[in-house]
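Dear colleague,

I am handing over the structure below, together with an account of what was found in it. Please keep it open beside this message as you read.

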Amino acid sequence: MLKIENLHAEIDGKAILKGLTLEVQPGEVHAIMGPNGAGKSTLAYVLGGRPGYEVTEGSVTFGGKDLLDLEPHERAAAGLFLGFQYPVEIPGVSNVQFLREALNAQREERGEEKLTGGEFLKLAKEKAGLLKLDMDMLKRHVNVGFSGGEKKRAEMVQMGILDPQFAVLDETDSGLDIDALRVVGDGINAIMRQPDKGVLLITHYQRLLEVVKPDKVSILSDGRIVRTGGPELAMQLEEEGYDRVMETA
Ligand code: ADP
Ligand code: MG
Ligand code: MG
């Protein structure tokens, strides 16, 4: 479904990803763990097509297509969703407006009919309920004055509405308390745990992986995948720390 081969990428001429190879099959949740500065967020940005991140070598195919050849909005329309560590605030635009625009832009790109206001609100209510986010929150401006947990829940509502084939979630668990973590984790399971979907779940900690149980766990260090295993690898990391686990890699 997502196949990354020997990916090299740099920012401002500085090499960050240094030959990263990774594959995610349909139906899989693949967790990426790794120390600070390893290149986890860079990987998410490169997959999303963020300007300034230059791919110098390697390839990424998504559903058989050359992902790196697509513009960011084409990647989204092809079913790729990116969740960010630091969600942006958009003063002056309500979540409802923003989400309806985003969904309809993608539907248009795919040659599908746009949803009417009524159809969209029905969908938004359903997804907000799933993430236990009050509809009043969705009427407020995007992320303005939201707590960390509310931003993450709003982002998961966005994911539910866009209903992507593949989600790259970068430290979705950062700043969440235990209750919010469970709600967000359950939301990821409800939206993305399907046989034809895939998830790349980037996280520092094992906590989220107790709710969203990964099929595979890879360790990213200094721009490369240095080890891949099952869920037990995440437990081992939690107990022993990155240094010890990587020594024995
Ligand atoms: P992680 O998400 O694993 O903590 P990042 O992908 O954020 O790591 O960062 C990887 C490396 O790239 C770090 O050494 C970081 O300092 C560097 N880096 C990130 N963004 C930039 C940037 N805009 N300019 C220069 N270096 C950057
Ligand atoms: Mg980091
Ligand atoms: Mg990061």
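In what order do the four strands of the open sheet with antiparallel pairing stand? Before the answer, please note that this is a predicted model. The order is 2-1-4-5, and at the edges stand strand 2 (14–24) and strand 5 (65–66), each of which has a single partner strand, so that one side of each is left without a neighbour in the sheet. Strand 5 runs antiparallel to strand 4 (residues 53–62) and is joined to it by two bridges, and within this pairing F62 has K65 of strand 5 as its bridge partner.

A further open sheet is formed by six strands, in the order 6-9-10-3-11-12, and here the pairing is mixed. Its edge strands, strand 6 (80–83) and strand 12 (224–229), each pair on one side only, while the twist from one strand to the next averages 20°. Helix 1 (residues 40–48) packs on this sheet, where it touches strand 3 (29–33), strand 6, strand 9, strand 10 and strand 11 (216–221), and the direction of helix 1 makes about 145° with that of strand 9. Strand 9 (residues 166–170) and strand 10 (residues 198–202) run parallel and are joined by five bridges; in strand 10, L201 is the bridge partner of L169.

Helix 1 also matters for the next topic, the ligand. The residues that surround ligand 1 are I11, D12, K14, I16, G34, N36, G37, A38, G39, K40, S41 and T42, and the elements that contribute two or more residues to this shell are strand 2 and helix 1. Helix 1 gives the most, with three residues. Sorted by class, the shell around ligand 1 comprises three nonpolar, six polar and three charged residues.

Finally, there is a helix pair to look at. Helix 3 (residues 95–109) packs against helix 6 (residues 148–162) at an angle of about 30°, with the two axes 10 Å apart; angles under 35 degrees count as roughly parallel, and helix 3 and helix 6 are therefore roughly parallel to each other. The crossing in which helix 3 passes helix 6 is right-handed. On the side of helix 3 the contact is made by N95, L99, A102, L103 and Q106, which meet A154, Q158, I161 and L162 in helix 6, and by class this contact has six nonpolar, three polar and no charged residues.

With kind regards

Notes:
Residues numbered from 1 in each chain as written. Chains lettered and ligands numbered in written order. Predicted model: local features only at pLDDT ≥ 70, side-chain atom pairs only at ≥ 80, totals over all residues. Pairing = 2+ DSSP bridges. Axes fitted to C-alpha atoms, helices over the stretch in contact; angles between N-to-C directions. Contact = placed C-beta atoms within 7 Å. Near = placed C-beta within 6 Å. Nonpolar A, V, L, I, M, F, W, Y, C, P; charged D, E, K, R; others polar. Parallel < 35°, antiparallel > 145°, perpendicular 65-115°, else oblique. Left-handed = near helix turned anticlockwise from the far one by under 90°.
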